[in-house]
Amino acid sequence: MTHTLKALSKAILLATCSLSASVAVAQSNKPEQLYPPITSEVLPELAAKGSYNVGVQTLDLVNPAQFDPATQGQKDRPLKVEVWYPAANTAKAPLTSYKDETRSGKEFTLQADAMRDVAINNKEHYPVIVLSHGYTGYRTIMYYLGEHLASHGYIVVAIDHTDSTNADVDFENAPFSGFFSTLINRSRDQQFVINYFNEQNNFASKQVDNKSAGVIGYSMGGYGAVNTIGGCFAFNEQTTAMFTGMKDPAQIKQVQQLLNSCAGGQYQNPKVDPRIKAMVAFAPWGGQHAIFDAKAMENIKVPSLYVAGNLDDISGYEGIKSLYNQTGSKDKYMLTYKNARHNIAPHPAPAIAQSSSELDIGHYYEPSWSMRTLNETNKHFVLAMMDCHVKGIASECKYLDLPQNGDQAVVDGKPLPQWRGFDNRFSTGMDWQQAKPHTK
């Protein structure tokens, strides 16, 4: 090979390597797609996208003069929220993305199925649904639910709970730094957001159905959601000391009184917001420690769905079952994922978490379940709850009237029918309880 050919060959090789590196960098900068297309034949019926395209906006709200555990005084409480909503028919914009970070601070970007800052569809009025993450988390950790409900005609507001996000808490070195704030503020944040979107001027205020709302919470978000619908807190001195780290008896008693609020921070004769027509609690914390007042739980009237893994070792499956059993609503349900632990609500793990430590992957991973399967099933049952009880669509209530077991056991040589809304062979691994007898 001549000198000229060798030089040309080397230049081509270097250019090819440079191009490959550029392509790799470009690909690494692309938002991750956690939900590639999958045939509807294996998905629950109500997991299908609705008729609306979805818009999304990020807003910075302020709840004024709230108790601040850090200063033990009053302080304005900032709350960043992500709002999904039905987009105007004329809206045309590229799909956006969501930027977040893992518990160890590793940043990632996820592909959205929503358009950023487009106009809201002004043809209808839409109920507001609050979406509340766990400790720790972030507002888009259940973005699949936000997008899904918005496509079916809801305004969904997901909260970054200040002091309780991955960005706020150094989970490796000071994992409980935001827990006191979480105990106090979860229900308050949820109720504030419902009030804000129903009562204050905002981009969606003309389209809000201000007679109906719903609340969805995961883990500590579920703890808050149960309180928001009337499950008043009943911290005693032991649990107050245990979960705040306080030692002084006088201070413990004072904080105990502060913690034992109800329905968004009320103390005397609390009243549940009549707009709230449904609650969904994924793996709610607190039942295992008898945090909720039993009589108040019996007085709950809001239709409620509890979702749990029967191997939950964070909130405790027996504790979650006790919340379901104590709830007084005549319309109550409990979905159990058999062999699942606590991570039944987040989106699938981003790539950066998959290559990281258990601190990060452990925020998302379920050893016995596909996160995609959990997410699609959650979409189905959450939409059934909201359509049935928030919008009052009677025909959708049939998806909440099920036999206990979905495994299609073989009887007399034939498998039992699958659950309503599921294709044959695809309702396995789950149990269902409901207050009303199943209509066969």
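1. The buried residues of helix α4 pack against β5 (126-132), α3 (179-199), β7 (208-218), β8 (276-282), α7 (294-298) and β9 (304-309). Contact here means heavy atoms within 4.5 Å. Helices (H or I, at least four residues) and strands (E, at least two) are DSSP runs, numbered from the N terminus.

2. This is a predicted model: local features need pLDDT of at least 70, side-chain atom pairs count only at pLDDT 80 or more, and totals for chains, interfaces and linings use all residues. Residues are numbered from 1 along each chain as its sequence is written, and side-chain values use heavy atoms, with hydrogens and water left out.

3. Helix α4 spans residues 220-228, and nine of its nine residues are buried. Buried means under 20% relative accessible area, exposed over 50%, partly exposed in between (1.4 Å probe, protein chains only). Among the buried residues are M220, Y223 and N227. G230 follows α4 with a positive phi, near 115°.

4. W84 sits in strand β2 (residues 73-86). Its relative accessible area is 0%, so W84 is buried. V128 is 44 residues from W84 in sequence, and their C-alpha atoms are 9.9 Å apart.

5. F426 lies in the loop between β12 (414-415) and β13 (430-434). With a relative accessible area of 36%, F426 is partly exposed.
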